[in-house]
Amino acid sequence: MNVKRKGNRLRVRLVRDLNLLAAHRIQQLAADAEDIRINIRGAKFVDSEALIRIYQLLQAGKRVRLDYPPPILEETVHVLGLAEALDLDTLIGKRRK
Amino acid sequence: MDAHLKLRSDLSIIGSIADFSYKWSMNVGLTPMDAARLTLAIDELTTDIVRFGYPEEPGDIEFFFHKNLSHVEVTITELGEPFEPERYPYDVEQALATNNFEGAGLEIVRHMVDDFVFINKGRGGKEFRLTKNISATHIADMVPAEELKAAPVAPEDDGYVLTPLLPEDTEDVAKLIYWTYGYSYMKEALYHPKQTALALERGEKFGVLVRTTSGEPVGYFAVLRTTDSNIGEVGEAVVSPKHRKKGIMLMMLDALLVTARERGLLGIFGEAVTGHTISQRVNAKFGFYSTALMLEAFPRVKYKMFKEISDQDISVLIEYVPLVRGLPQTVYLPERYAPLLTTIYKHLELPIEPRTVFNQTLPQTSKITARFNYEFMQGTLVVKRFGEDFLEQVELQLQPESERPLNVVYLDLPLDDPATPQFVDALRAKGFIFSGLMPRFHHERDYLRLQKLYKVPDFSWIKVLTPLAAQLKAFIAEEIG
């Protein structure tokens, strides 16, 4: 996990899946951040534990973006009925080609 | 391509098992999207097991990866704290209101795979079975409809050329299957040329193709590596109707047996359907002998060519020809079945040393692998090791939490294990009856196959050719009573 901070901005680049461990680490790193951008180009999926933690960050008033998410992300979010709660269109930043 | 991993429950294994699962899934032919779906399901279950199954002390989690020609199965077993998935339904409204997302992981699991079964095995722990179908392009989507409508007609004086099957031939195989059976052929994978090509490249099957000298495909026959043993199955065969009774089937089987010997296989078996005796007749010419009768092996199929069997589910004879006989095998034959099993061994000319042992001491737990094919409404349990809890384990396997209709469950007992005879009476009391001998069927060992029927077939539809097959049929009919 590659981490960069500047002021209240947190930039994270993941080379593996966004799973429980990765999400937990990001949640810790995001404690004093307001604007969080996570590059997940290397992820095969984002699991339910990670989505729940992202939801909690949003609930805490933080701005979260996922760049280059895997195609399965949207399917996963819809299965859990969280598209609206996560504001999916805003959550997804840059897309994979 | 099967794999077995045993890992210690720890958060750090979640990423590793996901990496392995994804690569394995891609290697066995899942699309990247389906590989990601299966891997996500495995990630969700592993996460739940690590967090909630072993919250205090770490324990073992086992992952069994299995692939056949049409789908992949992943079985996860663990001995953690008791858990009932049905008690954790996911409700998004409630989750958002309470910030408690209980059941979310299982909701994803159910969605991401084609079949999900949970089994609570009591003291034997818990088992999660995931099935994902392998999707590939169907022949109907690859070839123009006009080309599929009718088989080309070869000139009357055309001869035949037999060649080993190559990946580039697989589209012609799919066409041949379609011309012959329409969409009624049981092995769906053959309609997907890329799947067949992949299986050839990976050594999961080898085959031959017969063409007319003008190049039209008219016959196909393949040996599949379908078991966990060094034997093959003559599992896929077709001859174009206009080219039957010209010796093509015999020519192909002869060539396959030569190749099987060259590849060092111990034997070849076939599942000969009993709605007719054509396959049995061909097998008999090449030294195959009937060793088992599997009742209700497949649900009814409307064969394009064999309309007379359309009203019945399909029972099959296991027919085996040894390619290597080797040294005598020590076997413990249950008294009730010893005469018939000995007769089968004699026909196969497989040497045995029968022994008897009483009051075998057993370890506490049994080891049984289970494989359920809900499409064919059948399950197979293979005993790896008998334990004191054997009968309890069998009973639990017969009652999965997630109910799926089954026609039959087969149970394979190792004949070189002295404990096999002592359980036969108790298994009969549970409704199991004889099926037959499965020579060298798992890990090069001989197995006694029993079967538990949830539906009794009409025996008048079961047509057998040889006296040995008739003996099997009569014995099993008598067991049913």
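Predicted model: local features only at pLDDT ≥ 70, side-chain atom pairs only at ≥ 80, totals over all residues.
Local features were taken at pLDDT of at least 70, side-chain atom pairs count only at pLDDT 80 or more, and totals for chains, interfaces and linings use all residues. Residues are numbered from 1 along each chain as its sequence is written, chains are lettered from A and ligands numbered from 1 in the order in which they are written, and side-chain values use heavy atoms, with hydrogens and water left out.

In chain A, 4 strands form an open, mixed sheet in the order β1-β2-β3-β4. Helices (H or I, at least four residues) and strands (E, at least two) are DSSP runs, numbered from the N terminus; two strands pair if DSSP finds at least two bridges between them. The edge strands, β1 (2-6) and β4 (63-67) of chain A, each pair on one side only. From one strand to the next, the twist averages 15 degrees. Strands β1(A) and β2(A) (residues 9-13) run antiparallel and are joined by 5 bridges, and A:K6 stands opposite A:R9 of β2(A). Helix α1 (residues 20-29) of chain A packs on the sheet and touches β1, β2 and β3 (35-39) of chain A, where contact means heavy atoms within 4.5 Å. The direction of this helix makes about 160 degrees with that of β2(A); axes are lines fitted to C-alpha atoms, for helices over the stretch in contact, and angles run from 0 to 180 degrees between N-to-C directions.

In chain B, the axes of helices α11 (residues 338-348) and α14 (residues 467-480) come within 11 Å and cross at roughly 165 degrees. The two helices are therefore roughly antiparallel, a term for angles over 145 degrees. In their contact, B:L340, B:T343, B:I344 and B:H347 of α11(B) meet B:L468, B:Q471, B:L472 and B:F475 of α14(B). An α-helix has 3.6 residues a turn, so residues three or four places apart point the same way.

Residue B:Q393 lies in helix α12 (residues 390-398) of chain B and is buried, with a relative accessible area of 4%. Apart from neighbours within four places in sequence, B:Q393 contacts B:K121, B:G124, B:S366 and B:I368.

Note on methods: Parallel < 35°, antiparallel > 145°, perpendicular 65-115°, else oblique. Buried < 20%, exposed > 50% of the residue type's maximum accessible area, 1.4 Å probe, protein only.
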